[in-house]
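Student: Could you help me look at how some side chains pair up in a protein model? I would like to go through it step by step.

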Amino acid sequence: MFFLTLGFLIPLGMLSDLTHERQSRQREAINETSQAWADELSLGAPVLVVPVDYRYRDSKDQEATGQRQVLVYPDSIDIQAELNPQLRQRGIFTIPLYSLKATITGAFSRPSLGEMGADLIRAHWDRAYLVFMLPDFRSLSQAPHIDWGGLDLSLGSPRSDMLLSGPALTAPLAGIDWTGQTPFSLSLDLKGSDSFSVLPLATTTNVTLVSSWPRPSFFGSALPDTRSIGPSGMTATWKVIRFGLGRSANAPMENGLIQVDRLLENAQGQESGTGDTAARGFGFRLYPDSSAYQLTDRSLKYGILFIIIP
């Protein structure tokens, strides 16, 4: 009986190894196709960067002045997004990709000097600029423009006074005199793969997402407030309020320059700083049908019971 059981377990182990090998090849095919198309997409909002002068005590306990940059987040944003999935074949594997059309609207309130920091002396509004962060430049299908209080601004290449370790688009506000609350609107034509998430970079974030994908897997720091899922697709809405975000925050600096890749961690300072932007945001993953490899793997896990018990 021992040798008979062992004889049955050998082909069972061979099938298990083959299944894991196919699953590994499937993941490699997904990664290779995503590299050629675009990676997972995390959509945020424009952030206003303001250079400021501040007062501090040096090592000799004497008063000195320095410069840093302060982030001003939108009061509220509203994201209307339509996601159109595309299924691509790579060998024997089916890989989900998508294109996304999104419109981000919101408003910025110009904070006072005291709201940006008690140690500040002066804010250089004439050198302020907008920053829009993306996980990858390959996500862009066309160059975006932003409507800033009725003015059309082009989002261009990163500034020379920014220490970049991640992609970002900027638009200067030099020569634009604005006070009070200024509305903005941004239209985007993007593409991505595997999942889509939203980073709540405002006090209030409203998201409406429409897609023809019928099998979403929601994840992140917030689940949809309302959702409708059927064979023809899905519609989901979120409303996230982050009072802890505040209207402004000190930007992470290194040698006097702003680090764009740490803006998101600074915005979500009370949340986990694991570096996984999708974990701090919320969204959904394009969950495919259970493949033959998944079904086989589930069967093999119970195979040993069907051998030993009889």
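Tutor: We shall discuss the salt bridges and then a serine with polar contacts. This is a predicted model, in which local features need pLDDT of at least 70 and side-chain atom pairs count only at pLDDT 80 or more, while totals for chains, interfaces and linings use all residues. Residues are numbered from 1 along each chain as its sequence is written, and side-chain values use heavy atoms, with hydrogens and water left out.

Student: How many salt bridges are there?

Tutor: The count comes to 6 salt bridges, where a salt bridge is a side-chain nitrogen of Lys or Arg within 4 Å of a carboxyl oxygen of Asp or Glu. Side chains of opposite charge can pair when their charged atoms come close.

Student: What is the distance between R25 and E21?

Tutor: The closest N and O atoms of R25 and E21 are 2.7 Å apart, and the two form a salt bridge.

Student: Where are R25 and E21 in the chain?

Tutor: Both lie in helix α1 (residues 2-36), 4 residues apart, so about one helical turn separates them. Helices (H or I, at least four residues) and strands (E, at least two) are DSSP runs, numbered from the N terminus.

Student: Is R25 buried, exposed or partly exposed?

Tutor: R25 is partly exposed, at 44% relative accessibility, and E21 is partly exposed at 36%. Buried means under 20% relative accessible area, exposed over 50%, and partly exposed in between (1.4 Å probe, protein chains only).

Student: What about D39 and R138?

Tutor: Their side chains meet in a salt bridge, at 3.1 Å from N to O. D39 lies in the loop between α1 and β1 (41-43), and R138 in the loop between β7 (129-133) and β8 (145-148), so the pair ties together parts that are 99 residues apart in sequence.

Student: And which strands hold R122 and D53?

Tutor: The side chains of R122 and D53 meet in a salt bridge, 2.8 Å from N to O. R122 is in strand β6 (residues 120-123) and D53 is in strand β2 (residues 47-57), 69 residues apart. R122 is partly exposed at 44% relative accessibility, whereas D53 is buried at 9%.

Student: New topic: which side chains does S109 contact?

Tutor: The S109 side chain makes polar contacts with the side chain of D75 at 2.3 Å and with that of Q181 at 3.5 Å. A polar contact is a pair of N or O atoms within 3.5 Å; within protein, one must be able to donate a hydrogen and the other to accept it, and residues adjacent in sequence count only if both atoms are side-chain atoms. S109 lies in strand β5 (residues 93-109) and is buried, with a relative accessible area of 14%.
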